[in-house]
Amino acid sequence: MRVHTVERSTFVSQMPAEVYAWHSRPGAFERLTPPWERVELLERSGGLERGARTVLRVRAGGRWMRWVAVHQDHEAGRRFVDAQVEGPFAHWRHSHEFAPEGDGTRVTDRIEYAPPFGLVGAMADRWSVRRKIERLLAYRHTVLADDLAAHARFRGHPRLRVAITGATGLIGRALRAFLTSGGHDVIPLVRRRTAAEDVAWDPDSATIDAGALEGVDAVVHLAGENVAAGRWTAARKRRIVESRTSATRFLATTLARLARPPGILVSASAVGIYGPRGDEVLTESSAPGPDADFFARLAREWETGADPARQAGIRVAHPRFGVVLSPRGGALAKLLLPFRAGVGGPLGNGRMWMSWVSLDDAVAAIQHALFTTDLTGPFNVVAPGPVTNRQFAATLGRVLHRPAALPVPAAALRLAFGEMADATVLASIRVLPRVLEEQGYMFRHPQLEPTLRYLLGRAS
């Protein structure tokens, strides 16, 4: 059995104890897992010490496999090693080392592995396996450096207890992992409690365990019916409205009545509040769209639902999200199948502006709001480089090495999705993140092509 080695080394400006602590916290594994990989965490016992055990479910070779890793070596603050005891490789040993270097740390990941299936596995290694491991380590080191830097910007602030609604959604899952790996405590607000830290709430029946929210530092409200899950029937539009407006007002009223309310409520909104505006450049000072536009009216009522908290003296901030990009969900996940099959292309005439943001920037923008005490009201969570739909399609095709020349007629989209097509995929909303930029927020992913390459593991 021939054992191969892949190694990557990166300097970060935090000391080894801090880097080690980040790896030891809940959420670190989720943050380090590339979004293009299909991996599920089934079980985790212990921390980074010898004997700690992690059980995964991974997609490999077209089927799901169980992967069990056990930590075999450990030096607190400096290194830990995990090795596969059950899984897809004939041999797998992963060393994580944190060596002091000047005013920071030299982080080194070393993976020693042997592919299975003898000669067939050796051929696969030459053409595929090694490249996948190199992509894995490149992604991990980028996330580690970016996350450590993001948390370091607020090092002088106390750790927070943050309650999150919608904690199982695309943004909520990423936010929970990001905050917990940074040392914050996260309290999910859920309809059905499955863990000791969960807090029960059901906005449909106006029930909530308000006592469990006493003394939390912040609340992030992300819950709401998925607007893109199907055609907008009258009943579905009512559910969309109630899941945002009534639920937000109920939560804000609950927080306002607490004896020890949170210092801030971050209550989600969307750039749809501006309505389709063609080529007009929109910022937070732009007027909302007309009442006749369902999405614009919805977002405006969604934001005013937080008024009870505002009136009680709670700082309220509204992240107006653009299209959040991640292969784990949302618009990008839906586009990958046709584009990978070579049948992707622009929608309608392709001239509609698309205001997008990476999932990492969406999460870091929420962190920025939590700690920036003079940030109140709306702030656009979009990258500073919006693109037309035609540009987006061409860029995604280029990143995937696929043609992107088959347009989808607007009439076909309206036939398939009805009113939702005009309000979402055919709407031209050209938004800039003026507030975040003025407050010094530095985007991790300001331009589209590098962002897609990062999210899909496609080096330039």
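1. Leu-298 belongs to helix α6, which covers residues 294-304. Helices here are DSSP runs of H or I with at least four residues, strands are runs of E with at least two, and both are numbered from the N terminus. Leu-298 counts as buried because its relative accessibility is 2%; buried means under 20% relative accessible area, exposed over 50%, and partly exposed in between, with a 1.4 Å probe and protein chains only. Beyond its neighbours within four places in sequence, Leu-298 is in contact with Ile-240, Val-241, Arg-244 and Thr-245, where contact means heavy atoms within 4.5 Å. Gly-272 is 26 residues from Leu-298 in sequence, and their C-alpha atoms are 8.7 Å apart.

2. The model is predicted, so that local features need pLDDT of at least 70 and side-chain atom pairs count only at pLDDT 80 or more, while totals for chains, interfaces and linings use all residues. Residues are numbered from 1 along each chain as its sequence is written, and side-chain values use heavy atoms, with hydrogens and water left out.

3. On the chain as a whole, the protein has 14 helices and 22 strands. The radius of gyration of the protein chain is 23 Å, which agrees with the value near 23 Å for a compact globule of 460 residues; this radius is taken over C-alpha atoms, and the globule rule is 2.2 Å times the number of residues to the power 0.38. The C-alpha trace spans about 70 × 55 × 40 Å along its principal axes. Of the 460 residues, 52% count as buried. Among contacts between residues at least 6 apart in sequence, 69% join residues at least 24 apart.

4. Strand β5 (residues 79-86) pairs with two strands, as follows. With β4 (residues 63-75) the pairing is antiparallel over 7 bridges; strands count as paired if DSSP finds at least two bridges between them. Val-81 in β5 is the bridge partner of Asp-73. The hairpin of β4 and β5 has 3 residues between the strands, and Gly-77 there takes a positive phi near 85 degrees. With β6 (residues 91-101), β5 pairs in the antiparallel sense over 5 bridges, and Arg-79 stands opposite Glu-97 in β6. This second hairpin has 4 residues between its strands, with Gly-87 in the turn at a positive phi of about 160 degrees.

5. Which residues other than glycine deserve a look for their phi? Most residues other than glycine have a negative phi. Ala-206, however, has a positive phi of about 55 degrees. Ala-206 lies in the loop between β10 (199-202) and β11 (207-208), and counts as partly exposed because its relative accessibility is 47%. His-401 also has a positive phi, near 55 degrees. The loop between α10 (389-400) and α11 (410-417) holds His-401, which counts as exposed at 59% relative accessibility.
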